[in-house]
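Subject: Structure handover

Dear colleague,

I am passing on the structure below, together with some notes on what turned up in it. Please read the notes with the sequence and the model side by side.

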Amino acid sequence: YTMTFPYEEYVGGAANVIARLEGLGHEVQVKNYWDEGDGYQGINIVVKHPDGFLYELQLHTPESFKVKQAAHDAYDEYQKEKDDAIRMELFRRMAAAAGELPMPKGDVKGIGILARKNFQTWAQQQGGQ
């Protein structure tokens with residue numbers, strides 16, 4: 001699932017969603033990808049409902065959601081591509097688009113655990129070296 005918050009309200013909105021889920025007894029694991037240099041900007045939450053149902057919730061600004069949607073084909077291609085030079089070019093394109101996004105107003109990096117989606121060679125993606 002995806003929720004969007006305006007740039008100015010993103011930090012408060014994200015913190016509120018996380019607090020409300022926890023208050024309802026859901027277990028949450030929050031990965032914050034609002035860091036520079038990779039091809040994705042947003043907060044991803046893995047949620048476990050008290051009944052055991054697992055789901056993912058992505059939190060975006062309208063702008064970060066638009067960039068994510070536009071990069072989706074490149075990301076799919078990156079996941080399948082075996083040539084590391086082509087993979088690197090795809091990663092650079094995604095990172096350049098994400099790098100144009102403004103950081104949400106407030107302490108966005110204070111939410112959850114900061115994470116990055118770093119470039120991986122085909123072998124690394126497959127679990128090799």
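Contact, as used in these notes, means heavy atoms within 4.5 Å. Helices (H or I, at least four residues) and strands (E, at least two) are DSSP runs, numbered from the N terminus. Buried means under 20% relative accessible area, exposed over 50%, and partly exposed in between, with a 1.4 Å probe and protein chains only.

Please keep in mind that this is a predicted model, in which local features need pLDDT of at least 70 and side-chain atom pairs count only at pLDDT 80 or more, while totals for chains, interfaces and linings use all residues. Residues are numbered from 1 along each chain as its sequence is written, and side-chain values use heavy atoms, with hydrogens and water left out.

The overall picture

The protein chain has four helices and five strands, which follow one another along the sequence as β-α-β-β-β-α-α-β-α. Its C-alpha trace spans about 45 × 35 × 20 Å along the principal axes, and 36% of the 129 residues count as buried. Among contacts between residues at least 6 apart in sequence, 64% join residues at least 24 apart.

Helix α1 (residues 10-23) has 14 residues and reaches 20 Å from its first C-alpha to its last, close to the 20 Å expected at 1.5 Å a residue, where the expected span is 1.5 Å times one less than the number of residues. Its buried residues are Y10, V11, G13, A14, V17, I18 and L21, and what covers them includes the strands β1, β2 (27-32), β3 (43-48) and β4 (54-60). Just after α1, G25 takes a positive phi of about 90 degrees.

A nonpolar core is a set of buried Ala, Val, Leu, Ile, Met, Phe, Trp, Tyr and Cys residues joined through side-chain atoms within 4.5 Å. The largest such core has 18 residues, of which I43, I45 and L59 touch the most other members. At least two residues of this core come from each of α1, β2, β3 and β4, and the largest share, six residues, is supplied by α1. Leaving aside neighbours within four places in sequence, L59 is in contact with M3, F5, Y10, A14, G42, I43 and I45. A second, separate core of seven residues includes A74, F91, M94 and A95.

Helix α3

Helix α3 (residues 84-99) has 16 residues and reaches 22 Å from its first C-alpha to its last, close to the 22 Å expected at 1.5 Å a residue. Its buried residues are R87, L90, F91, M94, A95 and A98. Seen down the axis of α3, these fall within an arc of 135 degrees, so they line one face of the helix; the arc is that of the directions from the helix axis to the C-beta atoms. On the other side of α3, A85, R92 and G99 are exposed. The cover over the buried residues of α3 includes α2 (62-80) and α4 (122-125). At the N-terminal end, D83 caps α3, with a side-chain oxygen 2.8 Å from the backbone nitrogen of A85.

T4 lies in strand β1 (residues 2-4) and is partly exposed, with a relative accessible area of 41%. Leaving aside its neighbours within four places in sequence, T4 is in contact with H60, T61, P62 and F65.

With best wishes

Definitions and conventions: A polar contact is a pair of N or O atoms within 3.5 Å; within protein, one must be able to donate a hydrogen and the other to accept it, and residues adjacent in sequence count only if both atoms are side-chain atoms.
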